[in-house]
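Here are my notes on the model below. Please read them with the structure open.

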Amino acid sequence: MPGKVRVIPAKTSEPIKHVVIYARVSSNSMEQLESLKAQISGLVGFVSGHNNWKLVDIHIDIASSKKGSACPAFHKMIEECRAGLTDIVVVKNISRLGRDTVEVLDAISTLRESQVRIIFKQEELDTLTVGSSLLISTIEACTQAENETRSANIKWGIKQRAKNGSLGFYRRKC
């Protein structure tokens with residue numbers, strides 16, 4: 001019969017791994033939502049490229065980087081991992097998993113205690129590989145320092161503009 005092709009998937013002896021994706025953006029602005037869409041699309045494509053992986057959930061948080069802002073999807077994901085429902089967590093990059101080094105390392109520690117593998121797609125890091133914990137903590141520490149420097153620079157710029165009267169905030173009508 002011409003025109004009919006039936007695809008037979010390759011058999012693998014490896015067990016099916018239950019995979020979840022975790023994605024986070026800092027606000028619900030259009031730009032951030034486009035970023036979220038790109039994160040999810042890229043990670044779904046990555047997961048679908050593995051024959052023995054089954055995508056079981058996508059956890060999404062829209063939360064700022066401020067300490068104390070809630071990330072309910074993150075906490076739900078952690079609970080599912082502790083319950084043994086997940087084998088692998090895939091995240092775009094280290095900074096999406098937590099807001100600072102301590103938070104990221106706590107999350108990694110919790111997931112590893114639950115025998116869950118974490119893959120950071122952008123950095124090409126996998127907690128299954130030897131030495132990745134040191135590399136992850138080093139990258140996260142650098143990222144945190146960069147964020148703190150950026151924040152300090154922004155605050156300094158606002159103070160300077162307020163001092164010389166060029167801060168647009170003071171020109172608004174009440």
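Which strand holds Lys-54? The points below start there.

1. Basis. This is a predicted model: local features need pLDDT of at least 70, side-chain atom pairs count only at pLDDT 80 or more, and totals for chains, interfaces and linings use all residues. Numbering runs from 1 along each chain as its sequence is written, and side-chain values use heavy atoms, with hydrogens and water left out.

2. Lys-54. The answer is strand β2, residues 53–62. Helices (H or I, at least four residues) and strands (E, at least two) are DSSP runs, numbered from the N terminus. Lys-54 counts as partly exposed because its relative accessibility is 48%. The cut-offs are under 20% relative accessible area for buried, over 50% for exposed, and partly exposed in between (1.4 Å probe, protein chains only).

3. Neighbours of Lys-54. Leaving out residues up to four places away in sequence, Lys-54 touches Ile-16, Lys-17, His-18 and Val-19. Contact here means heavy atoms within 4.5 Å.

4. Overall layout. The chain has five helices and five strands. From the N terminus, the order is β-α-β-α-β-α-α-β-β-α. Of the contacts with a separation of 6 or more, 67% join residues 24 or more positions apart. Buried residues make up 32% of the 174 residues.

5. Surface. The chain exposes about 11500 Å², and carbon and sulfur atoms supply 56% of that area. Accessible areas come from the Shrake-Rupley method with a 1.4 Å probe; for residues, only the protein chains shown count as cover.

6. Nonpolar patch. Met-30, Leu-33, Val-44, Leu-55, Ile-58, Ile-60 and Ile-62 form a nonpolar patch on the surface, together with about 540 Å² of accessible area. Two or more residues each come from α1 (30–48) and β2. The largest share, four residues, is from β2. Patch residues have over 30% relative accessible area and no salt bridge; nonpolar side chains (Val, Leu, Ile, Met, Phe, Trp, Tyr) are joined within 5 Å, like charges within 9 Å. A salt bridge puts a side-chain nitrogen of Lys or Arg within 4 Å of a carboxyl oxygen of Asp or Glu. Ile-62 lies in β2 and counts as partly exposed, because its relative accessibility is 44%.
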